[in-house]
Amino acid sequence: MNRLTRLSAAEMVTLLDSREISSVELTQAHLDRIESVDGAIHAFLRTLPEVALAEAEAADAARASGEDLPELAGVPIAVKDVLATKGLTTTCGSKILRNWIPAYDATVVKKLREAHLPVLGKTNMDEFAMGSSTEHSAYGPTHNPWDLDRIPGGSGGGSAAAVGAFEAPLALGSDTGGSIRQPAAVTGTVGVKPTYGGVSRYGLVAMASSLDQVGPVARNVLDTALLHAVIGGHDPKDQTSLNDPVPPVVEAARLGLAGDVKGLRIGVVQELGGSGFQAGVMDRFQEALALLEGLGATVRQVSCPSFRYALGAYYLIMPSEASSNLARFDAMRYGIRVDPKAGPVTAESVMGATREAGFGPEVKRRIILGTYALSAGYYDAYYGSAQKVRTLIQRDFEAAWEQVDVLVSPTSPTTAFKLGEKLDDPLAMYLADVATIPVNLAGIPGISVPSGLAEDGLPAGFQALAPARADAFLYQVGGALEAALEDKWGGPLAAQALEIPTQSRVKEASNG
Amino acid sequence: MADLFGFDEALERFDPVLGIEIHVELNTKTKMFCSCANNFGAPPNSQVCPVCLGLPGAMPAVNHKAVESAIRLGLALNCEVAEHCTFARKNYFYPDVSKDYQISQYDDPIDFDGYLDVELEDGAVFRIGIERAHMEEDAAKNTHVGGATGRIQGADYTLVDYNRGGTPLVEIVTRPIEGAGARTPELARAYVAAVRELVIALGISDARMDQGSIRADVNLSLRPRASDPSKQAQVPFGKRSETKNVNSLRAIDKAVRHEVRRQAALLASGGAVVQETRHWHEDTESTSPGRSKEQAEDYRYFPEPDLLPIEPSRAWVEELRLTLPEPPAERRKRLQGAWGFTDFEMRDAVNAGALDLIAATVEAGASPAGARKWWMGELARAANERGTDLAGLPATPADIAGLESLIAAGRINDKLARQVLEGVLAGEGTPEEVLTARGLEVVSDDAALLEAIDAALAAQPDIAEKIRGGKVQAAGAIVGAVMKATRGQADAGRVRELIIEKLGS
């Protein structure tokens with residue numbers, strides 16, 4: 001493996017700034033890495049070598065001209081295929097968008113381009129971000145770099161695995177119920193779900209608009225913060241985006257990495273742990289807590305009684321919004337079109353045939369669930385009650401913030417499960433997100449950082465949560481934990497992963 | 001077509017209850033949720049973007065100016081303006097909504113609990129309760145191609161123009177309108193006319209019914225006449241029909257009348273009115289059934305998660321209140337008093353759409369009677385011939401005031417004025433310019449007139465004799481001859497005076 005791909009993004013920036021390496025070299029190194037291992041991992045649905053190298057050249061030229069460059073300029077990045085990329089197929093892991101080439105860039109993609117981050121390609125995901133294993137992709141699953149027979153988490157398994165397998169130093173994900181954090185946990189990487197509104201959603205193909213949030217994925221806390229700073233901020237095209245400046249996330253990460261968490265009040269969510277959680281996951285969690293306490297943080301138990309209803313509420317609100325957001329895939333304007341096998345070809349029959357053929361089973365399940373929950377006569381009992389639960393969960397958080405600065409829990413109850421293991425048991429699959437979902441319902445930020453390897457030798461995640469707009473706390477706690485753990489391990493967790501066997505990629509279809 | 005009752009007969013047995021929904025398309029520069037131009041008549045699908053095309057990932061952003069228009073309309077309709085209101089999604093699959101949901105308002109409209117006083121021809125005033133006025137985006141325009149009717153049934157295919165998709169609308173919904181009896185059709189028409197007038201005064205819409213920028217849906221139901229008329233209001237409402245897109249004032253009256261007659265015939269024969277939407281047919285002046293409410297869709301409304309609630313500050317609302325125009329009805333009363341028009345003249349001017357033109361003409365210096373005479377006479381005829389409305393004519397109020405001042409100065413007479421106006425309408429310039437170019441000025445030079453008179457008298461000595469003999473009325477023939485000789489450019493009164501002076505009776 002080219003040593004360049006082993007560096008952190010921050011280290012890459014140092015070498016770029018000192019002209020020891022060029023962005024073209026760096027980008028090429030990652031393209032080569034993708035070429036050699038992505039046949040085994042399948043993190044990417046599509047790579048864009050020419051485009052990425054051209055962007056890298058532009059970054060090098062800008063740097064050579066002495067331009068004042070944004071911090072990550074020249075560092076390549078992978079983008080989840082749920083974000084619109086102008087001129088580049090954006091499938092959302094679905095057959096129905098197999099041929100959709102957006103006419104516009106998502107705001108975050110635009111920001112990447114403006115900041116000179118070459119886009120390596122689009123990463124695999126559960127169809128329309130619905131799933132916790134990336135097995136629901138219409139284009140085949142992604143494999144966990146730690147064990148190719150296991151899931152990389154989901155829905156953003158592609159972004160997490162790409163970063164975990166050193167195919168990219170950075171990636172963008174989206175998190176509706178844990179789609180950034182749970183994959184980070186099971187692949188030994190770092191993922192952040194920013195405060196709702198902290199990052200523009202314009203161009204993020206919506207699953208559940210009131211829960212979706214774009215966020216950074218990387219192998220360490222500082223890189224995640226650096227990327228957060230690039231993509232964050234108000235966007236007039238997303239009226240739900242916050243007017244505040246991006247929180248001081250990079251400063252907070254550096255503070256944490258320096259070991260400064262003295263006096264920080266940490267609350268352990270009683271309801272997110274214990275029964276149903278894998279022993280090794282709990283052990284690593286407790287050890288992490290002890291480390292933070294050793295650095296001067298105070299730890300106490302906090303109860304959030306309404307969290308037990310979070311999963312239920314989530315599986316009413318999310319499908320309700322999804323059923324409406326996914327209505328537009330009707331063959332009338334873009335995407336695939338399937339004519340009915342029999343009977344007259346009318347708009348309605350084409351819509352039906354296309355949606356039947358174009359959507360996978362999990363997407364259909366959620367559309368049906370949501371359509372039902374919003375129906376006249378059921379609305380109050382389902383959607384209405386779920387919104388009440390949402391308010392209760394927000395109140396639990398509000399009460400907690402009166403006692404502590406951050407709340408913590410294991411990110412996911414288990415380490416990566418085997419591919420296929422939960423595919424026929426949706427409820428078991430949904431439970432993978434039991435600890436990540438309350439965050440989305442409350443609109444607050446959350447981070448997952450590696451806490452070590454569980455008894456099965458697979459990565460486990462440590463989750464920290466902060467009040468809305470206080471994203472900086474996450475990076476401080478995350479940085480401190482990461483520094484303390486790496487001290488113990490003698491380097492990053494990812495370095496402990498086995499080398500991935502070289503396997504050439506299946507030739508991808510050409511764009512469009 | 002079902003049998004119809006006579007209208008009067010229907011009214012003897014049943015009491016009509018009316019409800020009207022009016023969609024007002026706002027004339028904001030951009031659409032409701034994106035920055036596309038809000039134009040009528042641009043080439044199909046040329047005013048579109050990711051947002052109004054509903055492309056995956058695109059998000060709506062509320063047009064502040066549209067909210068402002070909705071608030072001003074609400075205030076003009078004497079509504080409360082919500083301190084907090086939201087948008088909702090109305091979900092239904094149809095190609096004319098690009099997202100397969102329409103962003104609208106549902107249970108918390110921006111304007112609510114208002115009223116509008118509507119005056120009928122004879123001066124009777126009805127107060128129409130306004131339940132709500134809410135904001136929404138318009139759907140795209142479908143054109144069904146092939147088939148005989150232009151409707152979707154039997155069409156070969158449908159073309160969709162998303163230019164109209166996402167343009168801002170305000171929908172005004174009345175409370176049930178009871179007690180108008182036989183005047184219900186007239187009241188329906190007068191209400192729509194009043195809203196149209198209000199919207200024009202506010203300047204928030206083009207208000208062209210023919211282009212669909214104002215569209216009305218008419219709800220009508222009948223209930224039995226109570227034996228004791230004072231207890232009529234206690235009789236429960238009957239099932240109603242909703243006649244869609246009745247797109248002229250005249251058609252409003254006709255559609256209500258038709259529904260009264262149709263429903264009366266149905267009910268009287270022991271049948272039942274089906275709660276349904278109906279289509280209005282201009283050609284046959286009748287309605288036909290559309291979608292029945294029994295098979296109506298469940299729109300699965302829920303709060304639009306892509307938009308924040310709208311919370312107009314009270315200070316802003318009060319600021320907007322100060323921008324309201326004088327209410328059209330009050331303005332009419334004030335102008336009628338100032339101009340000394342009879343009720344009939346005033347109503348005529350209003351119905352012809354001439355009120356603002358007359359006001360502007362008076363403003364430009366003409367007498368009210370003079371302004372009225374031109375706009376309601378010569379110009380109305382010209383508009384009629386050209387198939388346009390008065391405002392569509394090339395003559396401006398300033399032109400008409402100019403014409404009047406030429407008459408007042410004695411530079412042209414009535415007959416010449418008509419020729420000048422003809423020139424103005426032909427685009428030859430202002431009245432002054434036409435006058436010069438066509439050489440139409442009145443001959444006011446007495447010497448020139450006397451010359452013409454002498455010639456006429458010489459040509460008709462017998463008439464001259466009669467006049468000398470005291471038959472003054474015989475002077476008419478000489479006047480006529482002089483007018484002919486001067487090609488109408490003489491002042492006939494002055495000619496008569498000169499003849500009589502000359503022959504001194």
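**Notebook: helix pair, sheets and contacts**

I began with two helices of chain B. D399(B), L403(B), L406(B) and I407(B) of α11(B) meet A417(B), V420(B), L421(B) and V424(B) of α12(B). I sorted these contact residues by class: seven are nonpolar, none is polar and one is charged. I note here that the model is predicted.

Next I took the geometry of the pair. Helix α11 covers residues 397-408 of chain B, and helix α12 covers residues 414-425 of chain B. Their axes come within 11 Å and cross at roughly 155°. An angle over 145 degrees counts as roughly antiparallel, and α11(B) and α12(B) are therefore roughly antiparallel to each other. I also looked up the hand of the crossing of α11(B) and α12(B): right-handed.

**Chain contact**

How many residues does each chain bring to the contact? I find 24 residues from chain B and 33 residues from chain A.

I traced an open sheet of eleven strands in chain A, with mixed pairing. I wrote the order down as β1-β3-β2-β4-β6-β5-β10-β11-β9-β7-β8. Which strands stand at the edges? They are β1 (44-47) and β8 (298-302) of chain A. Each has a single partner strand, so one side of each is left without a neighbour in the sheet. Neighbouring strands are turned by 25° against each other on average, direction ignored.

I then checked one parallel pair. Strand β2 (residues 77-80) of chain A is joined to strand β4 (residues 170-174) of chain A by three bridges. V79(A) stands opposite L172(A) in β4(A). Helix α7 (residues 221-231) of chain A packs on this sheet. I see α7 touching β4, β5 (190-193), β6 (214-218) and β10 (446-453) of chain A. The direction of α7 makes about 150° with that of β6(A).

**Strand β11(A)**

Is β11(A) mostly covered or mostly open? Strand β11 (residues 459-465) of chain A is mostly covered, with seven of its seven residues buried.

I looked up both partners of β11(A). Strand β9 (residues 406-410) of chain A runs antiparallel to β11(A) and is joined by four bridges. V408(A) has A464(A) as its bridge partner. On the β10(A) side, the pairing is again antiparallel and counts seven bridges. G446(A) stands opposite L465(A) there. The hairpin of β10(A) and β11(A) has five residues between the strands, and G457(A) takes a positive phi near 80° in this hairpin.

I moved to helix α5 (residues 157-164) of chain A. It is mostly covered: eight of its eight residues are buried. Among them are G157(A), S159(A), A161(A) and V163(A). F166(A) follows α5(A) with a positive phi, near 60°.

Where does P145(A) sit? I find P145(A) in the loop between β3 (119-123) and α5 of chain A. The burial cut-off is 20 or more other C-beta atoms within 10 Å. P145(A) has 29 and is therefore buried. Its contacts include I41(A), A161(A), T187(A) and I500(A).

**Strands of chain B**

Strand β1 (residues 14-25) has ten of its twelve residues buried, so β1(B) is largely enclosed by the rest of the structure. Strand β10 (residues 214-224) of chain B runs antiparallel to β1(B) over eleven bridges. I22(B) stands opposite A216(B) in β10(B). Strand β9 (residues 168-174) of chain B also runs antiparallel to β1(B), joined by five bridges. V24(B) stands opposite V170(B) in β9(B).

I also logged an open sheet of three strands in chain B, ordered β4-β3-β14 with antiparallel pairing. The edge strands β4 (101-104) and β14 (302-303) of chain B each pair on one side only. Strand β3 (residues 88-91) of chain B meets β14(B) over two bridges, and A88(B) stands opposite P303(B).

Conventions
Residues numbered from 1 in each chain as written. Chains lettered and ligands numbered in written order. Predicted model: local features only at pLDDT ≥ 70, side-chain atom pairs only at ≥ 80, totals over all residues. Axes fitted to C-alpha atoms, helices over the stretch in contact; angles between N-to-C directions. Parallel < 35°, antiparallel > 145°, perpendicular 65-115°, else oblique. Left-handed = near helix turned anticlockwise from the far one by under 90°. Contact = placed C-beta atoms within 7 Å. Nonpolar A, V, L, I, M, F, W, Y, C, P; charged D, E, K, R; others polar. Pairing = 2+ DSSP bridges. Lists of a residue's contacts leave out its neighbours within four places in sequence.
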